[in-house]
Amino acid sequence: MKFLDKVKIRIKAGNGGSGSGSFRREKFIEFGGPDGGDGGRGGNIVFEAKTNINTLIDYKFKPIYHAQNGENGHKKQQNGEAGEDMILFVPVGTIISENGNVLYDFTKPGERFIAAYGGNGGNGNCHYKTSRNRAPERFDKGQETVEREVTLEMKLIADVGIVGFPNAGKSTFLSSVTNAKPKIGDYPFTTLYPNLGVYSDLFRDIIFADIPGIIDGASEGVGLGDRFLSHIERCKLLLHMIDISDPKIFENYDIINKELSAYKDGILLGKDIIIVLNKIDLVDDEKIKEVEKFFGNKTVLKISAANSQNTKELVEFIIEKIENSKN
């Protein structure tokens, strides 16, 4: 339950405070008249994106949020105080939607979006004093707000998405070139949720995302299903990492491509895809040439993430691709 990327919550802005219907009644003041103040405005529900949050898990355990109501008006034309806004923090990359319609997409830290506006406060009776009606009893109730159900869905903001079969070496590569410390093991599904890592040098930061769970039938719910494919929609390019020592290397490659093409009519296949042959230290040159021949004119790079062989060259190639995409 450490990682949660989609959740529904119910939100309600604060009701407006009611106006006051009071009259000024003081000794020696013969014509006091109406002096009811206005009600205060209700608090808003505001979402704000923050960089130090990477999950929506808190909203799983607390799914209902109500902002503070506005205060009622008082006598002596004193207005009620406005209700405080409720600030709800979400990860950068979160999309807020209602009934399938996107309300806001957070792409930068510090962005704010008012998802529900507080109700207006009602007028006090002093607003309705006229030459004909000098003692109005009318005052307005505050505006009531409606509870809404919205969906929060987080899509990672990463430059490079790493896809491939379990045990292809994605997490090992991530740990060797970035500051990430993912769980690494020699059994399938070591990675149960996306891991982010940042490569930094003097000139740039590049964010890598290790996307787990893509196996045969993932788009139909097999294994971890396709729930994490949405996290690579924003990536500038993809690394398709392949274990070159696996006897089923070509079959596995076709399976991953099939799952990518099955997601949202193949929008992921429209991205730049770099084929990375990992674990070259476990095979001979003849095997490497055989695999390279299979991929023909496709972009193929060869590494061994376990001992950092050619990983520097791969990162330099990625930097060049990203820089060229900006031009």
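Modeller: Let us begin with Asn 99, which is exposed, its relative accessible area being 73%. Buried means under 20% relative accessible area, exposed over 50%, and partly exposed in between, with a 1.4 Å probe and protein chains only. The model is a predicted one, in which local features need pLDDT of at least 70 and side-chain atom pairs count only at pLDDT 80 or more, whereas totals for chains, interfaces and linings use all residues. Residues are numbered from 1 along each chain as its sequence is written, and side-chain values use heavy atoms, leaving out hydrogens and water.

Colleague: Where is the place of Asn 99?

Modeller: Asn 99 sits in the loop between E5 and strand E6 (101-105). Helices (H or I, at least four residues) and strands (E, at least two) are DSSP runs, numbered from the N terminus. E5 and E6 form a hairpin with 2 residues between them.

Colleague: What is to be said of the phi of Asn 99?

Modeller: Most residues other than glycine have a negative phi. Asn 99, although not a glycine, has a positive phi of about 55°. Gln 77 is another non-glycine residue with a positive phi, near 55°, and it lies in the loop between strand E3 (64-66) and strand E4 (86-91).

**Strand pairing**

Colleague: How many bridges join E5 to E6?

Modeller: Two strands pair if DSSP finds at least two bridges between them. E5 and E6 run antiparallel and are joined by 4 bridges; within this pair, Ser 97 stands opposite Val 102 in E6. E5 is also joined to E8 by 4 bridges, again antiparallel, and there Ser 97 stands opposite Thr 151. E8 (residues 148-154) in turn pairs with strand E1 (residues 6-12) in the antiparallel sense over 6 bridges, where Lys 6 stands opposite Glu 153.

Colleague: Is Ser 97 buried or exposed, and why?

Modeller: Ser 97 counts as buried, because its relative accessibility is 13%. Ser 97 belongs to strand E5 (residues 94-98). Contact means heavy atoms within 4.5 Å. Apart from neighbours within four places in sequence, Ser 97 is in contact with Val 102, Leu 103, Val 150 and Thr 151.

**The sheet and its helices**

Colleague: In what order do the 6 strands of the open sheet come?

Modeller: The order is E10-E11-E9-E12-E13-E14, with mixed pairing. The edge strands, each pairing on one side only, are E10 (195-200) and E14 (300-302). From one strand to the next the twist averages 25°. Within this sheet, strand E12 (residues 237-243) and strand E13 (residues 272-278) run parallel and are joined by 7 bridges; Met 241 stands opposite Val 276 in E13.

Colleague: Which strands does helix H2 lie across?

Modeller: Axes are lines fitted to C-alpha atoms, for helices over the stretch in contact, and angles run from 0 to 180 degrees between N-to-C directions. H2 (residues 170-177) lies across E9 (160-163), E10, E11 (205-210) and E12, at about 160° to E11. H3 lies across E9, E12 and E13, running at about 150° to E12.

Colleague: Which residues of H2 are buried?

Modeller: An α-helix has 3.6 residues a turn, so residues three or four places apart point the same way. In H2 the buried residues are Lys 170, Ser 171, Phe 173, Leu 174 and Val 177. They line one face of the helix, because seen down its axis they fall within an arc of 160°, the arc being that of the directions from the helix axis to the C-beta atoms.

**Helix against helix**

Colleague: At what angle do H3 and H4 pack?

Modeller: H3 (residues 249-262) and H4 (residues 285-295) pack at about 35°, their axes 11 Å apart. The crossing of H3 past H4 is right-handed; a crossing is left-handed if the near helix is turned anticlockwise from the far one by less than a right angle, and right-handed if clockwise. From H3, Ile 249, Phe 250 and Tyr 253 meet Lys 287, Glu 290, Val 291, Phe 294 and Phe 295 in H4. By class, this contact of H3 with H4 has 6 nonpolar, no polar and 2 charged residues. Ala, Val, Leu, Ile, Met, Phe, Trp, Tyr, Cys and Pro count as nonpolar, Asp, Glu, Lys and Arg as charged, and the others, Gly among them, as polar.

**The whole protein**

Colleague: How many helices and strands does the protein have?

Modeller: There are 5 helices and 14 strands. Of the 327 residues, 46% count as buried.
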